[in-house]
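This report goes through one protein model, section by section. Please keep the sequence and the structure in view while reading.

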Amino acid sequence: MNTFYFSFIIPVYNRPDEIEELVRSITQLNGGYKFEIVIVEDGSTIPSKSIIKTYQTQLDISYYFKNNTGPGDSRNYGMKKAKGNYFIILDSDCILPKEYLIEVNKSLNINYVDCFGGPDNAHHTFTNLQKAINFAMTSFITTGGIRGGKTKVDKFQPRSFNMGLSKKAFEASGGFGSIHPGEDPDLSIRLNKLGFKTKLISNAYVYHKRRISWSKFYMQVNKFGMVRPILNQWHPETKRFVYWLPSLFSIGFIFAVISFLLGVKLFLLAYGFYFLLAFSIAFFSTKSLIIALQSIIAITIQFFGYGYGFLKSTIALTIFGQEPEQQFPYLFFKHGK
């Protein structure tokens, strides 16, 4: 049986309240495994240091403050400072269930990999908006199906809100790149090229709070869409038709509306059936009419935001031959020294 010394790597930017919730959940973990917590403050103007101090007597927890260079570079910074042999990377807006480390340890001992990802879920205390966005982000009927729930170990691309990485894999790969978002699939792809395997640990889920509004959600998924063609350019072997689906969905919807106005109802009825199916799945999974209705809004924003971003980036890179860093500088952070 493998013996792991886990290091939780958590970058934070102006969210001390979130760090308090996450660290409190870590204190309640079952299993008795050896672990440490490494908090990396990424140039925050509202620091979390006072929160961390309250836990230093009961946890092996360290706190570092650095200039703002983005979450990827902050995770790399934390992993360089960490003492463990297996890193667990979390977003600050996550909460861990009590059995989290038990599931991770069990899965890694049954089938060891140097990189894993876990799913996200909605806690019962989350707002209706958070639950609706969670449904849109995770459901197989939305782009959650693109994001992945695959168990095929050589293809799954973990996401950095809930991601494990061995010290060996980190040192071999150099960790995360400067792009954001998209730094996590980029790292996963590079790890696969280096011969490291990845997998999904479906029972190692986190409660992902996502404290965002509708407008922030649009900006988030729009960036996700813009990043994918960049990753496809860097790693051509990862290109998949499925990444076009949000764009095709959005263009098709506009075409369906125009067709309806011209007297052709069939296309819009097909979209109506899809939304009815999505509403039904959301209602039965959340047991809430309000959340199911908001889920339809979230799905619409998700498809149009991602689809537009994907088309915009694809046109800029493939038709006009633009360099990603020059065309989309806001998707890249400068690494620290």
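In which sense do strands S1 and S4 pair, and over how many bridges? S1 and S4 (residues 86–90) pair in the parallel sense, over four bridges. The model is a predicted one.

Individual residues show how the pairings are set. Phe8 has Ile37 of S2 as its bridge partner, and Ser7 stands opposite Phe87 in S4. As a general point, the strands of a sheet pair through backbone hydrogen bonds, in either a parallel or an antiparallel sense. Between S1 and S2 comes helix H1 (residues 16–27), and S1, H1 and S2 together make a right-handed β-α-β unit.

How many residues of S1 are buried? Seven of the seven residues of this strand (residues 6–12) are buried, so S1 is largely enclosed by the rest of the structure. The cover extends to both faces: Phe6, Phe8, Ile10 and Val12 are buried on one side, and Ser7, Ile9 and Pro11 are buried on the other.

## The S5-S10-S7 sheet

An open sheet is formed by three strands in the order S5-S10-S7, with mixed pairing. Its edge strands are S5 (94–95) and S7 (120–121), each of which pairs on one side only.

S7 and S10 (residues 206–208) run parallel and are joined by two bridges. Asn121 has Tyr207 in S10 as its bridge partner.

## The largest pocket

The largest pocket has a volume of about 1500 Å³. Its lining consists of 44 residues; Asp91, His180, Pro181, Gln220 and Phe224 are those that lie nearest the centre of the pocket. By class, the lining residues divide into 19 nonpolar, eleven polar and 14 charged.

Which helix gives the most to this lining? Helix H9 does, with nine residues. Several elements each supply at least two lining residues, namely S1, H3 (71–81), H6 (144–147), H8 (183–193), H9 (214–234) and H12 (289–319).

Two of the residues nearest the pocket centre, His180 and Pro181, are joined by a cis peptide bond, with omega about 0°. Pro181 is found in the loop between helix H7 (167–173) and H8.

Eleven residues line the largest cavity, and Thr69, Gly72, Gly177, Ser178 and Phe333 are the closest to its centre. The volume of this cavity is about 30 Å³. Its lining divides into three nonpolar residues, seven polar and one charged.

Gly72 is also among the buried residues of H3, together with Pro71, Asp73, Ser74, Arg75, Asn76, Gly78 and Met79. H3 is mostly covered, with eight of its eleven residues buried.

## Cysteines

How many disulfides does the structure hold? The number is zero. Cys94 is in no disulfide, and the nearest cysteine sulfur, that of Cys115, is 16 Å away. That separation is too far for a bond, because a disulfide requires two cysteine sulfur atoms within 2.5 Å.

Are these two cysteines buried or exposed? Cys94 is buried, with a relative accessible area of 1%, and Cys115 counts as buried at 0% relative accessibility.

Asn14 has a phi near 60°, a positive value in a residue other than glycine. Its place is in the loop between S1 and H1, and at 22% relative accessibility Asn14 counts as partly exposed. Lys287 likewise is not a glycine and has a positive phi, of about 60°. Lys287 is found in the loop between helix H11 (266–286) and H12, where Lys287 is exposed, with a relative accessible area of 63%.

Ile291 lies in H12 and is buried, with a relative accessible area of 3%. Ile291 and Glu99 are 192 residues apart along the chain, and their C-alpha atoms are separated by 27 Å.

How values were computed. Residues are numbered from 1 along each chain as its sequence is written. This is a predicted model: local features need pLDDT of at least 70, side-chain atom pairs count only at pLDDT 80 or more; totals for chains, interfaces and linings use all residues. Side-chain values use heavy atoms; hydrogens and water are left out. Buried means under 20% relative accessible area, exposed over 50%, partly exposed in between (1.4 Å probe, protein chains only). Two strands pair if DSSP finds at least two bridges between them. A crossover is right-handed if, with the strands pointing away from the viewer, the path from the first strand over the helix to the second runs clockwise. On a 1 Å grid over the protein atoms alone, a cavity is a set of points where a 1.4 Å probe fits but cannot get out, and a pocket is an open set with protein on both sides within 12 Å along at least five of seven lines; lining residues have an atom within 4 Å of a point. Grid points are joined across faces, edges and corners, and a volume is the space filled by probe spheres set on the points. Ala, Val, Leu, Ile, Met, Phe, Trp, Tyr, Cys and Pro count as nonpolar, Asp, Glu, Lys and Arg as charged, and the others, Gly among them, as polar.
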